[in-house]
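Please report on the packing inside this chain.

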Amino acid sequence: MMNTYDIVVVGAGHAGIEAAVMAAKMGMRTALVTMDKNKVGLMSCNPAIGGLAKGQLVREIDALGGVMGKIIDRAGIHFKMLNVSKGPAVQSPRAQADRQYYAVVAKEMLETLPNLTLLQGMGTGIEIDHNRVKAVLLKDGHTIRTRAAILTAGTFLNGVIYIGLQKLSAGRAGDLPAVGITESLLSYGFQAGRLKTGTPPRVHRDSIDYSKVEIQQPDPDPQPFSFSTKEITQPQINCYITHTNGSTHDILRLGFDRSPMFTGVISGIGPRYCPSIEDKINRFADKPRHQLFLEPEGYNNIEVYVNGFSTSLPADIQERSIQTVPGLEKAKIIRLGYAVEYDFFPPHQIKRTLETREVEHLYFAGQINGTSGYEEAAAQGLVAGLNAALKLKEKDPFILTRSEAYIGVLVDDLISKIHDEPYRLFTSRAEFRLLLRQDNADLRLMEYGHGYGLVEDKVYQAFLKKRDQIKRLTDVELKKKIDPRVFNKYFARKSSSLRQKAAIVDLVKRPEVGLRDLLSMVGSEKYSNDALNEVEFNVKYEGYVDRQRAQIERFKRMEKKKIPEDLSYKEIKALSIESREKLEKIHPDNLGQASRISGVSPADISVLMIYLEKYNKFDVSRET
């Protein structure tokens, strides 16, 4: 084991993987410390990647040179584009994974990456010198000297698992908790809290009666996550849907007096938008049933994940209740559901780069910041890894705004809000989601990735070809005119007839008319589906797109109003007491961020703006 690295990443979950990949690709001698090398990227909960807003994150990670999209493209067994009946702005890719193979692929990618070393061990703390990271300490007594450290400990920080009133110290089933890191950070002045999450039972696939459940088929033409993947070639398998019922709920209620959540044994707060089954039937007592997804964990894996049945109720209650569900009457539980409670560090203690405010060159990424979800963790890992490398190279930080990416929304939400429950990203959190689609992540972000040397040349060349096609379609093809006789013959009874020649740009605005069909009428060259879809979207939604771009310009003006880092809000007596407290705690980077802090009213923003202008306090040196 070397004892000196440029960057040490502690924890090899989804955040740790991306952080280590970014650091290594940037030329940093990087160590990734994990308790078990064979569990790199192991999915602790749902064996799936993507979903609403999360799929956008994965595409953005890939456009910037990350690896999550590449891994799931190889390990995915059930690909599905969500919300296809709705507008492109809220469509999101999702894929079930072969859980064990996903970890195999992740480890393989890391082991073949130059500058990266996988180290097996448990982190127990950090050493600092003159308020800067000096070393990472391991349980076996090793001290790894480093110029920067990234903590991505997931649910392992003093983790405790609960099944009924039984509890076990663990970061997840079968793995020890990480003890010592929290205590080390507290000694340096950090604030910590407790959160919880949970997982459902897994049942044996041969104990399910498939005649009683609804088949959920994968997409016939699966769409890859990564811009480097040409097509998904591995076989795809079905998932299934069933529902709870009144009998299920009655049995679940019998276990409430032994529930660690209802009896107050668990102090941590769980995710509001991914509640346990007992929380669902308690909060929504009038709802007669709840939907469950039966998701196979792999081609050769006998375990089936019962999505929607997350629980920490006692074993006997889990077994009895699950056997009241149609199709699961004879279900054999292989692994019980459980809740896990763990430490986190409220993210007002980090900067936009995810570097901590208390200790220089120390970064937090993933659930340590109070988030939930593999994708949110991976996005943070990318931001932390890239910025740690840039800082060591004495280069400008990499910061994405809310108008550029879902990653920007995620980071801004983390540092701008007070969090008392696990944070989860939704499309509704992105006010500019019309322009932050999963299909245009490369157009928005790949220049960044290539500029840092993180995106392969062949991928970048394909991107340039797509961009050139979009330009030609916009500048040349849309101006071509269609003969009314040709149009009327092709679209007979599908669209109102055309009386005179009309430009393609005008005709494609009709909902029932597609750009590809129009181009075929004028004998145009062939274009990729990606280029066609981008141009067609911009034309059909032109008014909305223009309006959103105008909103982004207003947003940018507010973001340019930089606030001095050392501003004392206590001095501004015209601010409300709540605003002063929130602003002092978060220390927003600019006026735009200040306006998004919960509890800071528009009137307070006006007061702050007048104060900064009156006393010439705007930090002009940081305006861009």
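Thr 356 touches Phe 190, Gln 349, Ile 350, Lys 351, Leu 362 and Phe 364, leaving out residues up to four places away in sequence. The model is predicted. Thr 356 lies in the loop between β19 (338-344) and β20 (362-364). Its relative accessibility is 1%, so Thr 356 counts as buried. Along the sequence, Thr 356 and Ile 150 are 206 residues apart. In space, their C-alpha atoms are 10.0 Å apart.

**The nonpolar core**

Several of these names return in the core. The largest nonpolar core has 115 residues. Those with the most contacts inside it are Ile 7, Tyr 102, Ile 150, Leu 185, Leu 362, Phe 364 and Ile 407. Helix α9 (residues 374-392) gives the most to this core, with twelve residues.

What does Leu 185 touch, not counting residues up to four places away in sequence? The list is Ile 126, Leu 151, Phe 190, Phe 345, Leu 362 and Phe 364. Phe 190, Leu 362 and Phe 364 are also among the residues that Thr 356 touches.

Leu 608 sits in helix α20 (residues 602-614). Buried or exposed, by its relative accessible area? Leu 608 is buried, at 1%. Setting aside neighbours within four places in sequence, Leu 608 is in contact with Ile 563, Leu 567, Tyr 569, Ile 572, Leu 575, Leu 591 and Ala 594.

**Two helix pairs**

Two packed helices are described by the angle between their axes and the distance between the axes. Here are two such pairs.

| Helix pair | Angle between axes | Axis distance | Crossing |
|---|---|---|---|
| α2 (residues 54-63) and α9 | about 30° | 9 Å | left-handed |
| α12 (residues 457-475) and α16 (residues 529-540) | about 45° | 9 Å | right-handed |

Take α2 and α9, which pack at an angle of about 30°. That angle makes α2 roughly parallel to α9. From α2, the contact uses Lys 54, Leu 57, Val 58 and Ile 61. From α9, it uses Glu 375, Glu 376, Ala 378, Ala 379 and Leu 382. By class, this contact of α2 with α9 has six nonpolar, no polar and three charged residues.

Now α12 and α16, packed at about 45°. These two helices are therefore oblique to each other. On α12, the contact is made by Lys 466, Gln 469, Ile 470, Leu 473 and Thr 474. On α16, it is made by Asp 530, Ala 531, Leu 532, Glu 534 and Val 535. The residues of the α12 contact with α16 divide into five nonpolar, two polar and three charged.

**Two asparagines with positive phi**

Most residues other than glycine have a negative phi. Asn 115 has a positive phi, near 75°. Where is Asn 115 found? Asn 115 is in the loop between α4 (99-111) and β6 (116-120). At 39% relative accessibility, Asn 115 counts as partly exposed.

Asn 131 is not a glycine, yet its phi is positive, about 60°. Asn 131 has its place in the loop between β7 (123-129) and β8 (132-138). With 41% relative accessibility, Asn 131 counts as partly exposed.

Note on methods. Residues are numbered from 1 along each chain as its sequence is written. This is a predicted model: local features need pLDDT of at least 70, side-chain atom pairs count only at pLDDT 80 or more; totals for chains, interfaces and linings use all residues. Side-chain values use heavy atoms; hydrogens and water are left out. Axes are lines fitted to C-alpha atoms, for helices over the stretch in contact, and angles run from 0 to 180 degrees between N-to-C directions. Helices (H or I, at least four residues) and strands (E, at least two) are DSSP runs, numbered from the N terminus. Angles under 35 degrees count as roughly parallel, over 145 as roughly antiparallel, 65 to 115 as roughly perpendicular and the rest as oblique. A crossing is left-handed if the near helix is turned anticlockwise from the far one by less than a right angle, and right-handed if clockwise. Contact means heavy atoms within 4.5 Å. Ala, Val, Leu, Ile, Met, Phe, Trp, Tyr, Cys and Pro count as nonpolar, Asp, Glu, Lys and Arg as charged, and the others, Gly among them, as polar. A nonpolar core is a set of buried Ala, Val, Leu, Ile, Met, Phe, Trp, Tyr and Cys residues joined through side-chain atoms within 4.5 Å. Buried means under 20% relative accessible area, exposed over 50%, partly exposed in between (1.4 Å probe, protein chains only).
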